[in-house]
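Dear colleague,

I am passing on the structure we spoke about, and below it you will find my notes on what came out of going through it. Please keep the structure open beside the text as you read.

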Amino acid sequence: MKEFMKYARLTKEQLEEMHQEFINFLATQSITGDEWQKIKKDKPETAEEELDIFSDLVWEGVLNKVEYLEHFSPNQMFLFHITTATIELIAVKIENEAIDITTREGYQWLQTNLMDDAVNIYTSTRAISDDRNKDIFALIKQGANITQGALYGYFKDVVKG
């Protein structure tokens, strides 16, 4: 029975970038380059499974290191700080349809008008589920990007006042 992927298959570009890591992964299973070519040709479903397993391993390694995520839409910004136990959120909502913070101008407006009545900042904290990485991956699938947390740190100071 086919195992289901925990995350998502890496893109062709991502797999090409990780070519050496994939070769090492195959080597851990005693699969040579020639054998891999034969598997791809004769057993494409086995090749697909190997790519899925490798993709999940890569995702697992990446997600283990994630501490901060950001998600922008035209009038909202979600900044996440992921600890071992919680996901802390700082959400910034702009109550003005004319402002689009995904543009340079809109973002500059936000920076200079943080105390404007149209800017609402909310915070919340929720417990991480039993599967921290799955929680993080769900946010990434919704459009969040992994960051170093500079923006989160900035807004955390703003919220503290």
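Predicted model: local features only at pLDDT ≥ 70, side-chain atom pairs only at ≥ 80, totals over all residues.

The structure holds nine aromatic pairs, and in one of them the ring centres of Phe22 and Trp36 lie 5.1 Å apart with the planes at 70°, so the pair is edge-to-face. This pair links distant parts of the chain, since Phe22 sits in helix α2 (residues 19–28) and Trp36 in helix α3 (residues 33–42), 14 residues apart. A further aromatic pair, formed by Tyr68 and Tyr152, is tilted, with 5.7 Å from centre to centre and 50° between the planes. Here too distant parts of the chain are linked, with Tyr68 in strand β1 (residues 68–73) and Tyr152 in helix α7 (residues 150–160), 84 residues apart. Tyr68 and Tyr152 are both buried. Returning to Phe22 and Trp36, ring pairs join them with Phe25 and Phe54 into a cluster.

Next, the helix packing. For two packed helices, the description rests on the angle between their axes and the distance between the axes. Helices α3 and α4 pack with their axes 5 Å apart and at an angle of about 120°, and they are therefore oblique to each other. On the α3 side the contact is made by Trp36, Ile39, Lys40, Lys41 and Asp42, which meet Pro44, Thr46, Ala47, Glu50 and Leu51 in α4. Sorted by class, the residues of this contact of α3 with α4 are five nonpolar, one polar and four charged.

Helix α4 (residues 44–65) also meets helix α6 (residues 132–141): their axes come within 9 Å and cross at roughly 95°, and α4 and α6 are therefore roughly perpendicular to each other. In this contact Trp59, Glu60, Leu63 and Asn64 of α4 meet Arg132, Asn133, Ile136, Phe137 and Ile140 of α6. The residues of the contact of α4 with α6 comprise five nonpolar, two polar and two charged.

The strands come next. Five of them form an open sheet in the order β4-β3-β2-β1-β5, with antiparallel pairing. Because β4 (119–127) and β5 (145–147) stand at the edges, each with a single partner strand, one side of each is left without a neighbour in the sheet. On average, and with direction ignored, neighbouring strands of this sheet are turned by 20° against each other. Strand β3 (residues 86–94) and β4 run antiparallel and are joined by nine bridges, and within β3 and β4 you can find Glu88 standing opposite Thr125 of β4. Helix α5 (residues 104–112) packs on the sheet, where it touches β1, β2 (76–82), β3 and β4, and its direction makes about 100° with that of β3.

Asn75, which lies in the loop between β1 and β2, is buried, with a relative accessible area of 17%. If its neighbours within four places in sequence are left aside, Asn75 is in contact with Val92, Lys93, Ile94, Glu97, Ile99 and Ile101. Ile87, by contrast, is twelve residues from Asn75 in sequence, and the two are 22 Å apart in space, C-alpha to C-alpha.

Ser30 lies in the loop between α2 and α3, and at 61% relative accessibility it counts as exposed. Most residues other than glycine have a negative phi. Ser30, although it is not a glycine, has a positive phi of about 55°.

Phe4 lies in the segment before α1 (12–17) and, with a relative accessibility of 72%, counts as exposed. Its C-alpha atom is separated by 9.5 Å from that of Ile53, and Phe4 and Ile53 are 49 residues apart along the chain.

Note on methods
Residues numbered from 1 in each chain as written. Heavy atoms only, no water. Axes fitted to C-alpha atoms, helices over the stretch in contact; angles between N-to-C directions. Helix = DSSP H or I, 4+ residues; strand = E, 2+ residues; numbered from the N terminus. Parallel < 35°, antiparallel > 145°, perpendicular 65-115°, else oblique. Contact = heavy atoms within 4.5 Å. Nonpolar A, V, L, I, M, F, W, Y, C, P; charged D, E, K, R; others polar. Phe/Tyr/Trp six-rings, centres within 6.5 Å; stacked < 30°, edge-to-face > 60°. Buried < 20%, exposed > 50% of the residue type's maximum accessible area, 1.4 Å probe, protein only. Pairing = 2+ DSSP bridges.
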